[in-house]
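Hi,

Here is the structure I promised to pass along.

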Amino acid sequence: MKSPLVILLLFGLAAFRTAAAQPLPAQDWPTFGGNVQSTSANPEPTGITAASLGQLVRQQVKIDGTVDASPIYLHGVSIHGAAHDVIFVTTTYGKTLALDAASGAVLWTYVPASYPQVAGTRQITNSTPVADADRQFIYAASPDGYVQKLAIGDGHAVWRTAITLLAKREKMDSPLKFYRGDVIAVTAGYVGDKPPYQGHVAVLDGASGKLLHVWNSLCSDRIGLLQPASCPQSDSAIWGRAGATIDPASGNILVATGNAPWDGKTAWGDAVIELSPDATAMLGNYTPANTAALNTDDADLGSNSPVLLGDDLIAQGGKDGKIRLLSRKAIGGTAPHMDHELQIVPTPSGTDLFAQPAIWNSQGKTWLFAADGGGTAAWTLEQGKLQQQWKNGAGGTSPFEAGGLLFVYAPAGGLNIYDAASGKRLTTLPCGAGHWNSPIVLQDRIILPEGNANAHATSGVLNIWSLPARGG
């Protein structure tokens with residue numbers, strides 16, 4: 001007869017095996033940041049914990065282009081008649097690839113007709129595609145200024161719509177968003193800000209590809225696509241890593257603009273703008289008191305996208321090394337709003353913030369994680385103010401939280417993984433150098449592209465780290 005202790009040990013072992021055998025919930029990551037507000041925090045179990053980091057197996061997948069952006073992921077979709085867990089990426093010259101997440105095999109490639117003309121040139125994109133709500137289509141941008149709807153089953157283009165009249169000046173820089181049947185895209189400018197161009201928000205019908213409305217951040221009294229030279233002002237790029245931020249409750253669109261004149265009437269450089277879901281009406285606006293100096297000093301307010309913190313609050317980082325806390329109510333309406341920030345805190349190292357912060361809601365607290373070229377830091381929201389919890393001197397791109405771990409890619413190479421609450425570095429996964437690339441973490445996998453779009457390469461690497469059950 002077994003002793004009570006042995007029975008307890010056997011019961012515990014059986015319970016452990018049962019728990020270990022439980023499959024992870026099927027999950028999609030259909031857009032940059034995982035949702036329309038781009039929180040970049042995965043609330044579902046991923047299978048990757050602090051204890052399992054040492055078991056990760058790395059696969060390097062060579063791909064036909066550089067992905068200087070973030071991937072998206074759909075589980076169990078049908079491609080060529082078979083079910084796959086699929087990674088979708090867009091390369092810097094506009095190829096969009098579907099890759100099997102387990103093997104890394106390319107399932108299909110969409111190549112825009114413009115590819116031979118732009119490959120190897122400065123005309124690039126850093127965009128991330130977005131999936132349709134029905135998981136039958138994705139939408140992708142290409143550096144020729146088009147958005148295309150691609151069938152997940154085989155990659156063919158259902159429609160293509162131009163959202164600029166001067167693609168050599170107006171860059172497809174940021175992720176696309178999808179909300180209630182519409183695709184939301186924004187435009188920016190290329191390095192050097194060579195005029196003429198104007199940042200704008202374009203809303204397209206996902207079913208037909210029809211361009212429904214355009215809001216222009218310069219000459220904003222004019223609707224539709226502008227011939228850039230026809231507007232007396234230039235620039236005002238919308239180029240944040242999250243593109244447009246969408247309020248999931250209302251559908252309102254929030255964007256931040258870069259260097260350009262600001263007059264509070266028709267010129268909205270260095271501003272945070274809130275628009276109606278169809279981008280036909282301005283609902284709110286803000287610019288700092290030193291907006292003219294920001295324009296002169298190339299210190300774009302909009303070097304990342306607005307961050308929705310909940311409870312009426314927005315965080316907006318900039319190239320001037322500051323993160324501004326704003327009230328949506330206080331900046332509401334069409335009357336110009338200058339200054340009156342609730343709080344200003346420095347970026348992690350006091351330098352330009354090019355990466356999109358991540359937002360983690362844990363145990364009743366809202367956390368904000370940000371990384372710049374010289375550091376990574378965490379804040380919690382305490383009584384309507386940001387309270388710093390930790391920081392370090394390791395720079396990075398857009399952070400990603402999953403399972404209480406924080407994943408931050410270092411552009412010089414390596415993926416740093418921290419305990420999100422304490423900031424303790426747990427490990428660094430080796431990988432190559434990059435630029436604005438950022439990871440996603442789900443279903444026993446970490447997926448991270450590497451490489452710099454500004455190197456103008458036509459090949460690249462996608463890293464996939466998996467736990468042994470998947471990595472082999």
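Below is what turned up, starting with the cysteines and moving on to the cores and a sheet.

First, a caveat: this is a predicted model. There is one disulfide in it, formed by Cys 219 and Cys 231, with 2.1 Å between the two sulfur atoms. The torsion about the S-S bond is about 100 degrees, so this disulfide is right-handed. Cys 219 and Cys 231 each lie in the loop between strand S16 (211–216) and strand S17 (245–246), so the pair ties together parts twelve residues apart in sequence. Both of these cysteines are buried. Cys 431 counts as buried too, because its relative accessibility is 14% and the cut-off is under 20%.

On to the packing. The largest nonpolar core has 33 residues, and Ile 48, Phe 407 and Ile 446 have the most contacts inside it. Leaving aside neighbours within four places in sequence, Phe 407 is in contact with a list of residues including Ile 48, Leu 415, Ile 417, Val 441 and Ile 446, and also Ser 398 and Asn 416. A second, separate core has 18 residues, among them Ala 244, Trp 268, Ile 273 and Ala 279.

Last, the sheet. Four strands make an open, antiparallel sheet in the order S12-S13-S15-S16. S12 (177–179) and S16 are at the edges with a single partner strand each, so one side of each has no neighbour in the sheet. From one strand to the next, the twist averages 20 degrees. S12 and S13 (residues 182–186) run antiparallel and are joined by three bridges, and Tyr 179 stands opposite Asp 182 in S13.

Cheers

How values were computed
Residues numbered from 1 in each chain as written. Predicted model: local features only at pLDDT ≥ 70, side-chain atom pairs only at ≥ 80, totals over all residues. Heavy atoms only, no water. Disulfide = S-S within 2.5 Å. Helix = DSSP H or I, 4+ residues; strand = E, 2+ residues; numbered from the N terminus. Buried < 20%, exposed > 50% of the residue type's maximum accessible area, 1.4 Å probe, protein only. Core = buried A, V, L, I, M, F, W, Y, C linked by side-chain atoms within 4.5 Å. Contact = heavy atoms within 4.5 Å. Pairing = 2+ DSSP bridges. Axes fitted to C-alpha atoms, helices over the stretch in contact; angles between N-to-C directions.
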